[in-house]
Amino acid sequence: MITLQHYLVLSTALFCLGVIGVMFRRNLIIILISLELMLNSVNLAFVAFSRFIGNIEGQIFVLFIMVVAAAEVSVGLAIAVAVFKRQGTINVNDVNIMKW
Amino acid sequence: MEAVIFYALAVFTLVSATLVVTLHRPIHNVLFMVLTMIGLAGLFVLLRAEFIAMVQLVVYAGAIMVLFLFVIMLLNLDEPIVEREDAQSRRSWFGVAIAVYLFFLLAAVMLYVYPAPYENVSYPGLTNTQIIAKELFTTYLLPFEVASILLLAAIVGAVVLAKKVTRRVGPGADGPAL
């Protein structure tokens with residue numbers, strides 16, 4: 001019997017993998033992918049709650065999260081392209097112009 | 001039967017997600033992310049959210065990941081960035097430790113989540129997609145329109161950011177920029 005808790009623990013594991021990716025990797029593209037992973041784990045939690053409470057609103061919110069994720073990714077990748085054109089690298093350790 | 005499918009999909013998703021985080025060539029990361037998305041779409045089908053599952057496949061695995069692939073191929077970025085052993089990497093390991101701690105903390109909380117009883121609005125004879133459409137275009141009409149404005153702003157922002165021609169200064173070409 002698969003309960004809500006199974007899905008929530010899986011969602012937590014995916015979220016923490018995303019956190020590890022953001023913390024550990026230094027490639028801007030991979031950091032953006034890890035952010036996508038975190039957003040997807042939240043989607044899984046939303047849909048699981050929607051199913052086990054029997055309320056459709058969780059799935060509506062997943063749609064809005066997808067919209068925000070698409071906007072975030074397009075702007076983030078555009079920033080990555082701009083940074084690469086200017087710096088010649090997307091290693092976030094080398095992108096430190098605005099670091100005091 | 002449901003349990004077997006759940007565990008198969010969960011293991012598939014978790015292994016793909018681990019490879020997303022650990023592999024070193026960006027192309028491999030993106031391709032394994034597509035596999036993660038497909039596993040999540042399977043879980044959504046298992047949760048009787050067919051519409052979300054299809055949107056997941058079309059929008060995420062189909063569109064967003066292809067955007068990543070295009071940027072990687074366009075900029076010829078498919079070479080692993082050497083992770084240097086310095087103070088920075090020690091800080092990274094500290095971050096990983098914090099993330100693992102966060103997992104145990106969150107999982108301990110999640111094991112005791114029980115949804116509160118909620119008065120269900122039943123939709124007799126409607127499929128999942130029909131229910132979502134009904135709600136989206138009645139109750140959530142205003143957020144839906146705001147989302148379209150957000151997407152428009154993102155399109156304009158992406159075009160403006162990516163087409164701007166900037167002077168290229170290599171890393172350490174003329175010393176660290178201020």
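pLDDT is the predictor's confidence in each residue, from 0 to 100. This is a predicted model, in which local features need pLDDT of at least 70, side-chain atom pairs count only at pLDDT 80 or more, and totals for chains, interfaces and linings use all residues. Residues are numbered from 1 along each chain as its sequence is written, with chains lettered from A and ligands numbered from 1 in the order in which they are written.

**View 1. Confidence in chain B.** Chain B has a mean pLDDT of 84. In chain B, 84% of residues reach 70 or more. Residues 174-178 stay under 50. For the complex, the predictor gives an ipTM of 0.91 and a pTM of 0.87.

**View 2. Helix α3 of chain B.** Helices are DSSP runs (H or I, at least four residues), numbered from the N terminus. α3(B) covers residues 50-75 and has 26 residues. α3(B) bends by about 25° at B:Gln56; the bend is the angle between axes fitted to the seven residues ending there and the seven starting there. B:Asn76 follows α3(B), with a positive phi near 55°.

**View 3. The buried residues of α3(B).** A residue is buried if 20 or more other C-beta atoms, placed from the backbone, lie within 10 Å of its own. Among the buried residues of α3(B) are B:Ile52, B:Gln56, B:Tyr60 and B:Phe68. Their cover includes α2 (28-53) and α3 (57-87) of chain A, together with α2 (26-46) of chain B.

**View 4. Where chain B meets chain A.** Contact means C-beta atoms, placed from the backbone, within 7 Å. Here 70 residues of chain B are in contact with 67 residues of chain A. α4(B) gives the most to chain B's side, with 11 residues.

Key. Contact = placed C-beta atoms within 7 Å. Helix = DSSP H or I, 4+ residues; strand = E, 2+ residues; numbered from the N terminus. Expected span 1.5 Å × (residues − 1). Buried ≥ 20, exposed ≤ 12 C-beta atoms within 10 Å, placed from the backbone.
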